[in-house]
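Subject: Structure handover and notes

Dear colleague,

Here is the structure we discussed, with the sequence alongside. My notes on what was found follow below it.

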Amino acid sequence: MTSNRKKPEELRSHRWYGVNDLRSFGHRSRTAQMGYHSSDYRGKPVIAVLNTWSEINPCHTHFKQRVEEVKRGIWQAGGFPVEMPVMTLAEPFQKPTTMLYRNFLAMEVEEVLRSYPFDGCVLMGGCDKTTPGLLMGAISMDVPAIYLPAGPMLRGDWNGRTLGSGSDTWKYWAELRAGRITEDEWKGVESGIARSPGHCMTMGTASTMTSAAEALGMTLPGFASIPAVDSRHAQYASLTGQRIVEMVWTDLKPSDILTPTSFDNAVTTVLAMSGSTNAIVHLVAVARRAGVPLTTARFDELARVTPVIGNIRPAGKYLMEDFFYAGGLRALLAELGDLIDRSQLTVNGATLGENIEGAEIFNDDVIRRRDNPLVPNDGLAVLTGNLAPDGAVIKPAAMEAHLLKHRGRAVVFRDYADMAARIDDEALDVSADSVIVLQHAGPVGAPGMPEWGQLPIPQKLLKQGVRDMVRISDARMSGTSYGACVLHVAPESFVGGPLSLVRDGDIVELDVPARRLHLDVGDDELAARRAAWTPPKRPFERGFGVMHQLHVTQADKGCDFDFLEEKTATGGEPDIH
């Protein structure tokens with residue numbers, strides 16, 4: 001970051017608008033065509049407002065209004081706002097998974113910022129993959145950028161019971177399949193579980209990633225905790241617009257903010273809230289865009305010393321609305337004390353420590369004190385072993401404790417369709433001690449690594465009262481999910497990872513305290529199975545999917561495209577003249 005303020009002729013947009021040549025004539029005349037006078041934009045920062053709103057993204061319903069509030073702030077600060085729609089990535093609707101398209105959004109953000117006359121940008125996101133996708137693209141382009149989180153929806157409600165999105169969906173779906181609630185009761189849950197704009201109000205991937213973005217220093221302090229429909233959310237939108245204009249004048253860029261230590265802060269924040277396992281794959285990808293070599297091993301190192309103090313579902317009891325009233329992320333960061341490096345710079349020009357100074361906890365059951373954590377450590381855990389040479393992930397705080405160390409016979413499904421066809425078959429040879437294994441659910445094979453990892457418990461076991469069992473896949477799991485689910489097994493089965501070699505009846509050993517995931521099959525037998533393995537047919541023959549299957553990295557590397565992971569000298573500015 002430079003200590004000197006830019007002059008108007010040093011603005012990037014000056015090359016489009018301020019030069020007296022034929023191309024600049026065209027830029028100015030076409031801007032006039034849209035009703036703007038030259039005094040609206042000449043010599044002023046031109047700000048892209050990258051809006052992921054759409055009519056099929058319920059998490060961002062309020063963005064149609066919020067974008068106007070952002071633009072108001074930009075105008076007030078002397079900037080020129082330009083709303084730019086980018087891919088919406090609506091988690092509840094897009095198939096086979098938004099993860100297939102996260103890198104698409106990242107590419108779109110980078111190319112929009114590169115090819116248009118923008119001096120800085122506001123990134124409007126919140127729904128799961130929008131946060132990492134927006135950040136990845138902006139980091140690669142490295143113009144001044146600030147993130148606007150969508151905010152969580154209000155608490156759900158049904159017959160006097162508080163509902164949490166996702167978590168209670170899985171809970172009551174299991175109860176319906178077990179015959180413990182009626183269809184009418186299930187419809188009641190449906191009508192009350194999501195009742196306002198905003199993303200999931202459990203500690204799902206959305207709340208996890210928006211909180212991580214704030215801990216990284218990429219949002220105004222306190223913004224990630226504000227519910228979507230709270231009037232303070234609208235106020236912060238306007239303040240965000242004002243702030244990005246000043247960031248342009250002082251040339252405060254992502255590369256000035258994002259360091260190995262700021263990523264440690266983000267990881268520690270995720271762990272302290274027992275955040276979504278998806279945070280691992282996303283933060284690794286975001287960090288690699290910033291040139292920071294964040295590894296899954298670093299997550300595990302920090303998990304061993306970080307207490308879970310955010311008592312939020314699915315690991316805990318409360319929801320994000322409660323978290324906000326209890327003091328929000330600023331209070332949680334303050335309580336973490338020396339586990340957070342307060343010297344890190346943030347988008348408002350202050351350090352993280354300055355931003356959380358004076359933050360208080362108003363309900364210490366929602367935000368626990370460090371000496372009274374929900375669990376003392378291991379909000380997430382990274383496993384290795386002969387079944388996952390490059391790692392796998394589990395959330396110990398959201399599983400039944402008796403399964404932390406477990407041996408059982410594998411019940412293998414070769415893909416999702418196979419599982420859907422047989423999981424509730426009364427003849428399925430499965431018991432509560434079995435280990436359910438799903439193959440071909442990873443980045444290439446599924447395709448896109450869908451959130452299939454909370455594998456269903458067979459109906460006959462649900463009727464016996466079983467509510468958790470060990471399940472293993474190379475898929476992801478919704479952050480709102482729970483259970484003894486081993487995820488992100490790398491390398492994935494579709495490309496010949498050891499998961500592809502598991503057979504029915506094999507003994508699988510899970511030992512979370514020892515961080516071990518082991519297939520108890522002899523080396524000679526495994527070698528024979530590997531020799532007999534043949535690569536399956538790849539899922540795509542055209543379009544973006546071909547690019548994805550040829551270039552996506554494995555889960556431990558963040559599932560980014562191999563040609564986008566780090567900024568290169570060849571990816572610079574266009575020759576606009």
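A salt bridge here is a side-chain nitrogen of Lys or Arg within 4 Å of a carboxyl oxygen of Asp or Glu. Please keep in mind throughout that this is a predicted model.

Salt bridges

By that criterion the structure holds 41 salt bridges. One of them joins the side chains of Asp-251 and Lys-6, with 3.6 Å from N to O. This pair ties together distant parts of the chain, 245 residues apart: Asp-251 sits in the loop between helix H10 (231-250) and helix H11 (254-257), and Lys-6 in the segment before helix H1 (14-17). The two partners fall on either side of the 20% limit for burial. Asp-251 has a relative accessible area of 17% and is buried, whereas Lys-6, at 21%, is partly exposed.

Another salt bridge is local. The side chains of Arg-66 and Glu-69 meet at 3.2 Å, N to O. Both residues belong to helix H4 (residues 63-76), and because they are 3 residues apart there, about one helical turn separates them. Arg-66 is buried, with 7% relative accessibility, and Glu-69 is likewise buried at 7%.

The side chains of Arg-529 and Asp-506 also form a salt bridge, at 2.7 Å from N to O. Here again distant parts of the chain are linked: Arg-529 is in helix H20 (residues 523-532) and Asp-506 in the loop between strand E12 (485-486) and strand E13 (507-511), 23 residues apart. Arg-529 is buried, its relative accessible area being 12%, and Asp-506 is buried at 9%. Elsewhere, salt bridges with shared partners connect Glu-91, Asp-128, Lys-129, Glu-451 and Arg-476 into one network.

The annotated domain and its parallel sheet

The UniProt record, an unreviewed entry, carries the annotation "domain: Dihydroxy-acid/6-phosphogluconate dehydratase N-terminal" for residues 44-355.

An open sheet of 4 strands has the order E2-E1-E3-E4, and its pairing is parallel. Strand E2 (80-85) and strand E4 (145-149) are the edge strands, each pairing on one side only. From one strand to the next the twist averages 20°. Strand E1 (residues 46-51) and strand E3 (residues 120-125) run parallel and are joined by 5 bridges. Leu-50 stands opposite Leu-123 in E3.

Phe-324 is in helix H15 (residues 320-325) and counts as buried at 16% relative accessibility. Setting aside residues up to four places away in sequence, Phe-324 touches Ser-225, Ile-226, Pro-227, Asp-230 and Arg-232. Phe-324 and Phe-223 are 101 residues apart in sequence, with 9.9 Å between their C-alpha atoms.

Strand E13 and strand E14 (residues 516-519) run antiparallel and are joined by 4 bridges. Asp-511 has Arg-516 in E14 as its bridge partner. There are 4 residues between the strands of this hairpin, and Arg-515 takes a positive phi near 60°.

His-488 lies in the loop between E12 and E13. What is around this residue? His-488 is buried, with a relative accessible area of 4%. Beyond its neighbours within four places in sequence, its contacts include Thr-277, Asn-278, Val-281, Gly-391, Ala-392, Val-393, Met-449, Ser-473 and Asp-474. Arg-476, which belongs to the salt-bridge network, is also in contact with His-488.

Cysteines

How many disulfides are there? The count comes to 0 disulfides, where a pair of cysteine sulfur atoms would have to lie within 2.5 Å. For Cys-59 the closest cysteine sulfur is that of Cys-127, 3.5 Å away, which is too far for a bond. Cys-59 is buried, with a relative accessible area of 8%. For Cys-485 the closest cysteine sulfur is 17 Å away, in Cys-200, so this pair is also too far apart for a bond. Cys-485 is buried too, at 1% relative accessible area.

Best regards

Methods:
Residues numbered from 1 in each chain as written. Predicted model: local features only at pLDDT ≥ 70, side-chain atom pairs only at ≥ 80, totals over all residues. Heavy atoms only, no water. Helix = DSSP H or I, 4+ residues; strand = E, 2+ residues; numbered from the N terminus. Buried < 20%, exposed > 50% of the residue type's maximum accessible area, 1.4 Å probe, protein only. Pairing = 2+ DSSP bridges. Axes fitted to C-alpha atoms, helices over the stretch in contact; angles between N-to-C directions. Contact = heavy atoms within 4.5 Å. UniProt positions renumbered as here; feature names shortened; annotations may be inferred.
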